[in-house]
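Colleague: I am new to this one. Could you show it to me and let me ask how you know what you say about it?

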Amino acid sequence: MGMIDSYPKKPPFFSGSKLSCSKVCLMLYAGEVPCGCSEHVGRTIINDVYTADVETIFQLLFTDANFFRDFLMARNTINIDIGEWQEQTDSSKLRDLNYTVALNYSFGPKFSPTTEHQVYSSSGQPGLKHLVHTEVMNRNIPYAETFFVSCQYCMTRVAHDKMRLRITANINYRKSCWGVVKNLIEKNAGDGLRSYYNHLDSFLKEHLASHPAHCRTKHRRKRQRHGPRLRHRKTAQPAPSPPSPTHHQPTSHFGG
Ligand SMILES: [Zn+2]
């Protein structure tokens, strides 16, 4: 899988001072930062600690970084179009992604045009946490109009060089359907989610292992000996992200 060495810099994701967290603020969070969600609806797909700071993971997944495009292409996803983040009056941000996911079934449709709607929560704090909610809609698959899959990405600081990525996914129904159909949707969507996120997890870990600079560990430790000067990196740049649909069966996002 072709990983890219450099990521083009784009305008900062956070322009205002409201979302910035000062070094004092970071110092107050010596321990793991809670995401603050009142609940996580659906099944937990990923709940793991990665060797990188929270800004790095956010940039890789939710800015227009090559990493995410590489990931989608590694899954044979084509026609990738990543929209720009648009700030809303409540400080949340929205963007849409469109791409066509390859389906792995031996019969039926081979591709599913997909739209992914992403909402960046206004409760995000650079250096501490980023929360993104996504809704993925597949077309050209059976029962496509019946359901969609939503995911909650909670990226939180664990330590200066560690962060937690927690992803929960839920299958949402737009209309009632027979039990047998629902079972089919649940199974295929579940398979698609596992395939997609297991791949993302390994792709991410492989990238971090080959790009240790993302952790900035040495640099920071050196500084901390002379006093904590934790500086959060400027965040983000608009980039691509998640799901993909799947199968010719009701699998929703995350192409298999
Ligand atoms: Zn959460």
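**How do we know?**

Modeller: Gladly! Let's start with a helix: the buried residues of α4 pack against β1 (43-50), α3 (66-74), β7 (147-159) and β8 (162-173). Please keep in mind that this is a predicted model.

Colleague: Which residues of α4 are the buried ones?

Modeller: They are Ile-185, Asn-188, Ala-189, Gly-192, Leu-193, Tyr-196, Tyr-197, Leu-200 and Leu-204.

Colleague: How do you know that the span of helix α4 agrees with its 32 residues?

Modeller: At 1.5 Å a residue, residues 179-210 should span 46 Å, and the C-alpha atoms at the ends are 46 Å apart, so the two agree.

Colleague: What makes α2 "mostly covered"?

Modeller: Nine of its nine residues are buried. Among them are Val-54, Glu-55 and Phe-62. The buried residues of α2 pack against β1, α3, β6, β7 and β8.

Colleague: Which residues have the most contacts inside the largest nonpolar core?

Modeller: Ile-57, Met-155 and Ile-167 do, in a core of 51 residues. Elements giving two or more residues to this core include α2 (54-62), β4 (93-102) and α4. Leaving out residues up to four places away in sequence, Ile-167 touches Ile-45, Ile-46, Cys-151, Gln-152, Tyr-153 and Tyr-197.

Colleague: Why is Ser-91 called partly exposed?

Modeller: Ser-91 has 15 C-beta neighbours inside 10 Å. Buried needs 20 or more and exposed 12 or fewer, so a count in between is called partly exposed. Ser-91 sits in the loop between β3 (86-87) and β4, and has a positive phi of about 80 degrees although it is not a glycine.

Notes:
Residues are numbered from 1 along each chain as its sequence is written. This is a predicted model: local features need pLDDT of at least 70, side-chain atom pairs count only at pLDDT 80 or more; totals for chains, interfaces and linings use all residues. Helices (H or I, at least four residues) and strands (E, at least two) are DSSP runs, numbered from the N terminus. The expected span of a helix is 1.5 Å times one less than its number of residues. Two residues are in contact if their C-beta atoms, placed from the backbone, lie within 7 Å. A nonpolar core is a set of buried Ala, Val, Leu, Ile, Met, Phe, Trp, Tyr and Cys residues joined through C-beta atoms within 7 Å.
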